[in-house]
Amino acid sequence: MGMEWVFPLLLAVFACVVVFVLPIVTLTILIGVQKRQEQDASDVRVRLSEIRRELWDTRCKVDRLEKQLVAPEPESEPPDMAEPAADRGESVEPEPVEPVEPEPIEPELVEPSPVGELPEHARQFDAGMAASSGTTSASGEQPTTPRSPSRFETAARDVLRRIWNWIIVGEEHVPQGVSMEYAIATHWLLRVGVLILVVGIGFFLRYSVEHGLLSEPARALLAAAAGLAMLIGGTQLLGRKYHLFGQGMLGAGIATLYFSVFAAAELYHLIPMQAAFALMLVVTVLAGGVSVRFNSPLVAVLAVLGGFGTPVMLETEVVNFLGLYTYMLILGVGVLGISVRRNWPLLNYLSFLCNYVLFFAAMRAYEPIHFWQVLPLLTAFFVLYSTMQFLHNLVNGVKANLLDVLMLFLNAGIYFAVSFRLVEPSYGREWVAAVTLGLATFYIGHVYFFLRRGRVDRELLLSFMGLAAFFLAVTVPLILSSEWITVSWSLQALVMLWIALKLRSEFLRHLSYALYLIVLWRFVFVDLHVQFAPPAEPLPLFDYLLALVERLVMFGVPIGSIAAACGLMSRPGEAASAGLERANDIQGWVRDRWAVHAAVGLALALLFLYLHLELSRTLGYFYDPLRLPVLTLLWLALCGYLLYEYLATRNVILGGLLGLFVGGLLLKLFLFDLPSWSIKPDLLYAGPYSFHDAAFRLLDFGAVVTFFVLAFRLLAGRTGAKEARTGFGILALGLLFLYATLEVNTFLYAYVPGLRAGGVSILWSLFALGFILGGILKNVRAMRYAGLLLFAIVAGKVFFVDLAQLEQLYRIIAFVLLGVLVLCGSLLYLRYGQRFAVPAEKEMEEA
């Protein structure tokens, strides 16, 4: 029990090394490699410039010699472009030519250019040569429109065409001067005949076993003798008229030899397994050597079909995974050896298909006790066929095509799926993480090898990078608990982005973007839902504080990772001198400026979302009355940031977001804050009046009103912001009016109930008087009209509502004060009457 933690700990340490340390070490090595490559490229450019100058000098000397030895051509044709008509085979009438005294031609001196630069005339020469060949010049002109489809797709199409031609007519290219009937008949009759012959030998062996016709050694020796006879006969026919038939006999002989060895070892147990493997290795080498020596894919294909078909035709009741899979591995190694020397894609694909079909057919008898017999050989199959997809291209300097990449992904997918099904039931998810870490390390090694060797194969290199990143990302949820997956992925995305910026790799950068999108999805739809779900029962204080710290780390690290990514992308100078070859990279799809803005917005949105939920949960746990006012301050902080950015950039999108969040803030006030204080239809807060609650209401509404006033002041004088400024002003006054009405009404109802109706009327009159004064001083007609309308409402309320509700003493006080306030409004109009003077011309028009 005490040692159960050792493996997860070691696995976690190894994961940290692979995810964080290994990329940094790899980057350091790549920087050195890149510097050496840049130095080599600089030397090559210098040497090319020297060769160009030598060629130009040689041409100049040749032109001068021609001018000295040959008479000048007519002026209508340039001396270096005109072709004598006699050379074109045309009859030319002699024309009178005035004798011209040849001028001595001085050698033309060329000003030497710095190393790495060409003279102007040399650049013109290069441009002319490039134009004649349809390529771009060294001056940096844009190339012509790229052909469609791309090389990557065209190469795959050519491979499929070659495979199809070989299947139909036995040649990768349709032979010239041969009828289609002859080509198809000869090859297909030969293939069918060889197949029937080999199957017949297999059935003979099986029949002899079932009926006891021959002794076991005699059966094996007879099959081996038949195979050797076909090999000898096929060899004698090679290079003659029946060369094709000889190839078929060779293939049938090799397949029969596989039969005999497999039967002697697996069926009859005549020879030990070690000897059987040695003999099958000899047969495999023989098959590969014959097919390569005589350039015969038919021999190799027949040998593969016969080799993989042997266990099917000699099937027994008991499955020997070790013997069967080792036999299949030897066959695959033979195909791998052939792929080094010959580019026969059909042979690779056929071996891949037969291997995994036979593998899955045998897995029907799998039991957990067979685990260590199956998984090591499955890993060997994976490495074998992964290498087979690009080994020929690597050795011969050929780039991969679409089919190679698809087979690479298919092989990785099969291995991961099968190993997961094998490992997880027996050893748990932690050991599955060991498999994915091994896969990630395997592909990282491929990336390192390609960059170290300076190979230019974009599609293959990007495939290795993508597979390495995928298996690293899959490792995280297998090792860690679900709570820490998002944290690990966000750190992995940040490290990947940092490496991408150092290498100037657009592919890695976009992979990090994709991983950040996964982080966003999990952050919003998984982690927030799980962590902030209502608890089944209240937690003790210590447990709650521990959970709070865990949430701070769980949500703070992804937000900090996005903020750090924004910082990295906003400093383009961070890209070091080491860079990925452009031929090995992709074009950028997302502009840097868009990515930075998206990162800023994403970080702020996630921070706001987390803080909103965290403050609501924590303040609700410790002191609930403070919860809603603090959340209002959080909303105001975000609105203040958007207002600041809008004033700095005048961006329309930021203005729209500001309006959206202001609307959300108002909805919060009316749908959550006011109902939390139990407001009643008669504009009263329920329950006894509390100065404690009144203070929190003042904080809540006062902060919002203050923000609206500040926004109103900050937008003053801004072009195009008149409507927004007016809106903030109206919101500030309206919200202040509502808050004061509710608070005064509730206060008077609790302490001076007889003055309640009149007190509200006095408050409204004060607002009306303020509207009129502000409208006069600021010359805002709408404010003056609002004040007059409010006075009218107050007057109606006083005579039709307050008169019936007020007590005698309070009625006197209310009417006196209201009368004074209304008179003050009249005095204001009289005091500023000159502002309302109408010009005589306008008065006459109105009359």
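1. Accessible areas here come from the Shrake-Rupley method with a 1.4 Å probe, and for residues only the protein chains shown count as cover. On that basis the chain exposes about 46,800 Å², of which carbon and sulfur atoms supply 67%.

2. The structure is a predicted model, in which local features need pLDDT of at least 70 and side-chain atom pairs count only at pLDDT 80 or more, while totals for chains, interfaces and linings use all residues. Residues are numbered from 1 along each chain as its sequence is written, and side-chain values use heavy atoms, with hydrogens and water left out.

3. The chain holds 27 helices and zero strands, where helices (H or I, at least four residues) and strands (E, at least two) are DSSP runs numbered from the N terminus. Of its 847 residues, 42% count as buried, meaning under 20% relative accessible area with a 1.4 Å probe and protein chains only. If contact is taken as heavy atoms within 4.5 Å, then 73% of the contacts between residues at least 6 apart in sequence join residues at least 24 apart.

4. A nonpolar core is a set of buried Ala, Val, Leu, Ile, Met, Phe, Trp, Tyr and Cys residues joined through side-chain atoms within 4.5 Å. The largest such core has 126 residues, and Tyr325, Met328, Phe359 and Leu422 have the most contacts inside it. Helix H15 (residues 458-479) contributes the largest share of this core, with 15 residues. Leaving aside residues up to four places away in sequence, Leu422 touches Met363, Tyr366, Phe371, Val374, Leu375 and Leu378. Another core, of 33 residues, lies apart from that one and has Phe701, Val704, Phe728 and Leu735 among its members.

5. Helix H10 (residues 345-362) and helix H11 (residues 371-388) have axes that come within 11 Å and cross at roughly 165 degrees; axes are lines fitted to C-alpha atoms, for helices over the stretch in contact, and angles run from 0 to 180 degrees between N-to-C directions. The two helices are therefore roughly antiparallel to each other, a term for angles over 145 degrees. Their contact includes Phe359 of H10, and Val374 and Leu378 of H11.

6. Helix H23 (residues 722-751) packs against helix H24 (residues 756-778) at an angle of about 160 degrees, with the axes 9 Å apart. That angle makes H23 roughly antiparallel to H24. Among the residues that meet are Leu733, Leu736 and Phe737 in H23, and Leu763, Trp764 and Phe767 in H24.

Methods. Buried means under 20% relative accessible area, exposed over 50%, partly exposed in between (1.4 Å probe, protein chains only). Angles under 35 degrees count as roughly parallel, over 145 as roughly antiparallel, 65 to 115 as roughly perpendicular and the rest as oblique.
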